[in-house]
Amino acid sequence: MKLRRKNLTAFMAGTAMLGAFGFAVPAFAADSGPIKIGVIGEESAVAGASITKAAQLAADDINKAGGIDGRKIQIITYDDHSSATDAVRAFQRAVKQDHVVAVVASYISEVALAIEPWAARLHTPFITPGAASTLISKNVHDNYDKNKYTFHGYVNSAFLADAICAFSKDELVDKFHMKTAAIMSEDAAWTTPLDAEYAKCLPKAGLKVVDHIRFNPDTTDFTPIFNKIEGEHPDVIETGISHVGVQPTVQWHDQQVPIPMSGQSSQATTSTFWKDTNGAAEGVLTYTAATPGVALSPKTIPFADAYQKKFGATPAYDGYASYDAIEVIADAIKRAKSTDPDKMVAAMEKTDLVGTQGRIQFYGKDSEYTHALKYGPGLVTGLFIQWQDGKQVPVWPANVAKAKIKFPSFVKLPLASN
Amino acid sequence: MLALQILVDGFAISSLYALGALGFTLIFGVSGVLNLAHGGIMVVAALIGWYSAGELGLGTYLGTLVGILAGVVTAFITYFCVVRPIQRSRAIPHEETEIFVLTGTLLLGIMIQDGMAFLFSDNPITMRPLISGVTRIAGVRTPTNEIMIAVVCWVVIGLLWLLVNKTRIGKSLLAASMNPRGLTLLGFELSQIYLLVWTIYGVLAGLAGVLLASFLGVGTTNAGDLTASAFSIVVLGGLGSVSGSLVAAYIVGYLETITAYLIAPTLRPIPALLLLVLVIYVRPQGLLGRR
């Protein structure tokens, strides 16, 4: 027994030493050979499967153009299975074993928030291409010296809500004479700031909020939720859904809920959503970063075409942001002439490049959203698409719209619009 | 109006629960097996059905049949590869057989779930409804598919009742659940009866899986929940009691629906589980249990 305990103690001490050694080894990047970038995605999630694929396409494009001062980019991919624990493990492995110089990871805010302190501890630049919680950049703002390694590569929830409200004003209120809305969001980190901003900006856009439902992402039967919403007679349901998508959409269609669905429905941003829902997506409106066929920048269409050609489906919203994130990292290394993390961060803060989503810049230290993607005209604005006859049709803003909004026959619109 | 809505919605989901739990309780009654791979079998049927109907282009009806067939095949795999070898093993003491069967089927269930997630991802899928459109029942807008699901469930339950009570082979099933040794002495081959009960089970679980896929949608992550719900219903109704399971399916279905409508959809499964705990304390043999 004594011997066993002794062995155990020795084992634990050894493990602790190994752990300490692991921490002590700095992120090492060889000066020759490829520059490694880690990409952590959610391969089996509708909205998260585009991240690694788009990153690889970006690396291929950069390498074809000569790489970074002659050095190729090598993408090392990991699957976090939508788990924060797996993502943190993948992040540690990427930095300590695979010696990546930066990491692009996840569309899930909870996962990005779990990685953020590890980016700080391991001094590794990290960009999330799809998470939306405002907490990610708020953490950078509140503790800059520690958290400066984290960047937010996609429009955050507050700006998302603002974009959705602007669309609602231009289209739903002004053209369809809608006056009331119900908010229906999954209970997750990214929807907390989204819903808070919805509550502020929807009334300003002319939509009185008559109901606000936050539901568990494990929900399978949405009938009671739709029933409750219907009881309040809103003109539109403003969604905040990303982890779920197929089930509420199919049930909305099968039950012929007579209220249109608009807002953010992340799964509806990829072309597979039509098949996934057996066409129940008809009429669904969603905000997205970019969409095939709309040149938000000269890079949008070539990227979307190449992605579709290679993978047989269009990228989800985070595919565009993932492509841009790799370009941001490559551009920063080029300008910093170094893979030193602090020099890279300094260079990334000065990013000003044309990406697939538009013009990419990040907010500075003074902004409450430090290192978040700048949102606004001339930068990144995103657009609204509607599923019409099996296609994602851009419907807003006016300069990119290719068709008018139309709803399935079971949707009842306010009388004034008829 | 709300009460009517609850009545209509609760009926469809309860009928589906009843169908799913019926096979589960039948297997226990006849062969003493608690099959913890139950949810996995339903998920296999749902996913194969969906894949055949959509990706292979067989259409909803043929896809449904293929899904049921997949349910039967998986039930056979469960029986021939896990349950029977454990029951026949000389290395396992007789009194420990049940716990080994529980463990074996639990592990198979996990393997099925992970294997299906590998093949089909863990995104929920939904099958195209057998009938589209909605019907108004006293003003309550109900998907016609939901009504048809309830009807199909009850037709199948009725057929099963006829089989068990009115046919010779069915009566032998009933006898096996009462006194297997006596049945053997009368010259019946027990292994044939087990094979029959596992076939019936496969059809019931497979059909329940496919119908659920066209009603609410099914994902691989649902496997555990589906087993748990069948388990709760069967324990609540009384292990091995078919009529008990039917009653319990409606109690659980309506309790869940009432909770979802009147309290919060998030709390949906909680009251039924509390009731289950209460039943275990107060009446461990279940509502209509024989013990």
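Visitor: How do you know which residue of E5(A) stands opposite Thr128(A)?
Guide: In this predicted model, the residue across from Thr128(A) is His152(A), in E5(A).

Visitor: What makes strand E4 (residues 126–128) of chain A and E5(A) a pair?
Guide: They share three bridges, running in the parallel sense. Pairing asks for at least two bridges, so three is enough for E4(A) and E5(A) to qualify.

Visitor: And what packs on the sheet there, touching E4 and E5 of chain A?
Guide: H4(A) does, and it touches strand E3 (102–105) of chain A as well. The direction of H4(A) makes about 170° with that of E4(A).

Visitor: Why is the five-strand sheet called open?
Guide: Follow the order, which is E2-E1-E3-E4-E5 in chain A, with parallel pairing. The sheet has two edge strands, E2 (73–79) and E5 (150–152) of chain A, and each of them pairs on one side only. From one strand to the next, the twist averages 20°.

Visitor: Which strands make up the three-strand open sheet, and what is the pairing?
Guide: The order is E10-E13-E14 in chain A, and the pairing is antiparallel. Here the edges are strand E10 (285–288) and strand E14 (391–396) of chain A, each pairing on one side only. The twist in this sheet averages 40° from one strand to the next.

Visitor: What makes E13 and E14 of chain A a pair?
Guide: Five bridges, in the antiparallel sense, link strand E13 (residues 383–388) of chain A to E14(A). For a place to look, find Trp387(A), which stands opposite Gln392(A) in E14(A).

Visitor: How is chain A divided into domains?
Guide: Domain 1 takes 35–155 + 297–360, and domain 2 takes 158–288 + 382–417. Their centres, taken over C-alpha atoms, are separated by 29 Å.

Visitor: How do you know how many residues of domain 1 of chain A are in contact with domain 2 of chain A?
Guide: Contact needs C-beta atoms within 7 Å. By that test, 17 residues of domain 1 of chain A meet 19 residues of domain 2 of chain A. On the domain 1 side, helix H4 (residues 109–121) of chain A gives the largest share, three residues. By class, that side has eleven nonpolar, five polar and one charged residues.

Visitor: Why is chain A as compact as a globular protein of that length?
Guide: The globule rule gives 22 Å for 418 residues, and the radius of gyration of chain A is 22 Å, so chain A is as compact as a globular protein of that length. Chain A holds 14 helices and 14 strands, and its C-alpha atoms fill a box of roughly 75 × 60 × 40 Å along the principal axes.

Visitor: What share of chain A counts as buried?
Guide: The cut-off is 20 or more other C-beta atoms within 10 Å. Of the 418 residues in chain A, 56% are buried.

Visitor: Which residues of helix H9 (residues 223–231) of chain A are buried?
Guide: Thr223(A), Pro224(A), Ile225(A), Phe226(A), Asn227(A) and Ile229(A) are. Within chain A they pack against strands E6 (180–186), E7 (208–215) and E8 (236–241) and helix H10 (246–254). Across in chain B, they pack against helix H1 (2–31) and helix H10 (242–263). Just after H9(A), His233(A) takes a positive phi of about 50°.

Visitor: How many residues does the contact take from chain A and chain B?
Guide: It takes 20 from chain A and 20 from chain B. H9 and H10 of chain A each supply at least two residues of the chain A side. That side divides into seven nonpolar, eleven polar and two charged residues.

Visitor: What makes up chain B, in helices and strands?
Guide: Eleven helices and two strands. From the N terminus on, they run α-α-α-α-β-β-α-α-α-α-α-α-α. The radius of gyration of chain B is 19 Å and the globule rule gives 19 Å for 291 residues, so chain B too is as compact as a globular protein of that length. Buried residues come to 49% of the 291 in chain B.

Methods:
Residues numbered from 1 in each chain as written. Chains lettered and ligands numbered in written order. Predicted model: local features only at pLDDT ≥ 70, side-chain atom pairs only at ≥ 80, totals over all residues. Domains from an automatic or database assignment. Contact = placed C-beta atoms within 7 Å. Helix = DSSP H or I, 4+ residues; strand = E, 2+ residues; numbered from the N terminus. Nonpolar A, V, L, I, M, F, W, Y, C, P; charged D, E, K, R; others polar. Rg over C-alpha atoms; globule rule 2.2 N^0.38 Å. Buried ≥ 20, exposed ≤ 12 C-beta atoms within 10 Å, placed from the backbone. Axes fitted to C-alpha atoms, helices over the stretch in contact; angles between N-to-C directions.
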